[in-house]
Amino acid sequence: QVQLVESGGGSVQAGGSLRLSCAASGYTYGTNCMGWFRQAPGKEREGVAAVSTGAGRTYYTDSVKGRFTISQDNAKNTVYLQMNSLKPEDTAMYYCAASLEGGCWRSWPRADKFNYWGQGTQVTVSS
């Protein structure tokens with residue numbers, strides 16, 4: 001079955017960096033969209049970044065452009081989210097998700113279009 005396993009969350013001070021990883025298995029990687037979403041307490045889940053695993057095209061929400069970078073290692077079926085210049089407002093539970101409906105243009109940034117989700121990893125940024 002499809003599995004997404006995240007790692008790399010933690011606590012940092014504002015201005016610091018973290019890198020999240022998401023290892024995917026159970027389906028044909030390279031034909032879909034992989035995304036990172038986040039959800040803070042009391043807020044809706046929002047899309048952070050995504051990559052079309054076949055074409056490599058990337059997508060970002062405005063608040064993280066220039067600070068976050070999504071990348072992938074197709075040989076390892078793994079997607080990364082490099083987060084730099086972190087701010088307290090980036091504090092949230094971060095989730096990796098996969099849409100098996102093709103490239104991200106079909107699904108991003110709608111969470112309901114993503115079929116599979118990881119367990120989440122907490123990112124806490126202190127001021």
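These legends accompany close-up views of a predicted model. Residues are numbered from 1 along each chain as its sequence is written, and side-chain values use heavy atoms, with hydrogens and water left out. In this predicted model, local features need pLDDT of at least 70 and side-chain atom pairs count only at pLDDT 80 or more, while totals for chains, interfaces and linings use all residues.

**View 1. An open sheet of four strands runs in the order 1-3-8-7.** The pairing is antiparallel. Strands are DSSP runs (E, at least two residues), numbered from the N terminus. Two strands pair if DSSP finds at least two bridges between them. Strand 1 (3–7) and strand 7 (68–73) each have a single partner strand, so one side of each is left without a neighbour in the sheet. From one strand to the next, the twist averages 15°, with axes being lines fitted to C-alpha atoms and angles running from 0 to 180 degrees between N-to-C directions. Strand 1 meets strand 3 (residues 18–25) in the antiparallel sense, over five bridges. Leu 4 has Ala 24 of strand 3 as its bridge partner.

**View 2. Strand 5 pairs with strand 4 and with strand 6.** Six of its seven residues are buried, so strand 5 is largely enclosed by the rest of the structure. Buried means under 20% relative accessible area, exposed over 50%, and partly exposed in between (1.4 Å probe, protein chains only). Strand 4 (residues 33–39) joins strand 5 through six antiparallel bridges. Strand 6 (residues 58–60) joins strand 5 through three, also antiparallel. Val 51 of strand 5 stands opposite Met 34, and Thr 58 in strand 6 is also a bridge partner of Val 51.

**View 3. Two hairpins each hold a glycine with positive phi.** Six residues lie between strand 4 and strand 5, and in this hairpin Gly 42 takes a phi near 80°. Between strand 5 and strand 6 there are five residues, and here Gly 56 takes a positive phi near 80°.

**View 4. Ser 52 sits in strand 5 (residues 46–52).** This serine is buried, at 6% relative accessible area. A polar atom of the Ser 52 side chain lies 2.8 Å from the backbone nitrogen of Cys 104. Beyond neighbours within four places in sequence, Ser 52 is in contact (heavy atoms within 4.5 Å) with residues including Asn 32, Cys 33, Arg 57, Tyr 59 and Cys 104.

**View 5. Cys 22 and Cys 96 form a disulfide.** Their sulfur atoms are 2.0 Å apart; a disulfide is a pair of cysteine sulfur atoms within 2.5 Å. The link is left-handed, with -75° about the S-S bond. It connects distant parts of the chain: Cys 22 is in strand 3 and Cys 96 in strand 9 (residues 92–99), 74 residues apart. Cys 22 is buried at 0% relative accessibility. Cys 96 is buried at 0% as well.

**View 6. Cys 33 and Cys 104 are joined by a disulfide.** The S to S distance is 2.1 Å. The torsion about the S-S bond is about 95°, so this disulfide is right-handed. Cys 33 is in strand 4, and Cys 104 is in the loop between strand 9 and strand 10 (116–117), 71 residues apart. Cys 33 is buried at 0% relative accessible area, and Cys 104 is buried at 1%. A search of the whole structure finds two disulfides. Counting bonded cysteines along the chain, the pattern is 1-3, 2-4.

Note on methods. Polar contact = N/O pair within 3.5 Å; in protein donor to acceptor, adjacent residues only side chain to side chain.
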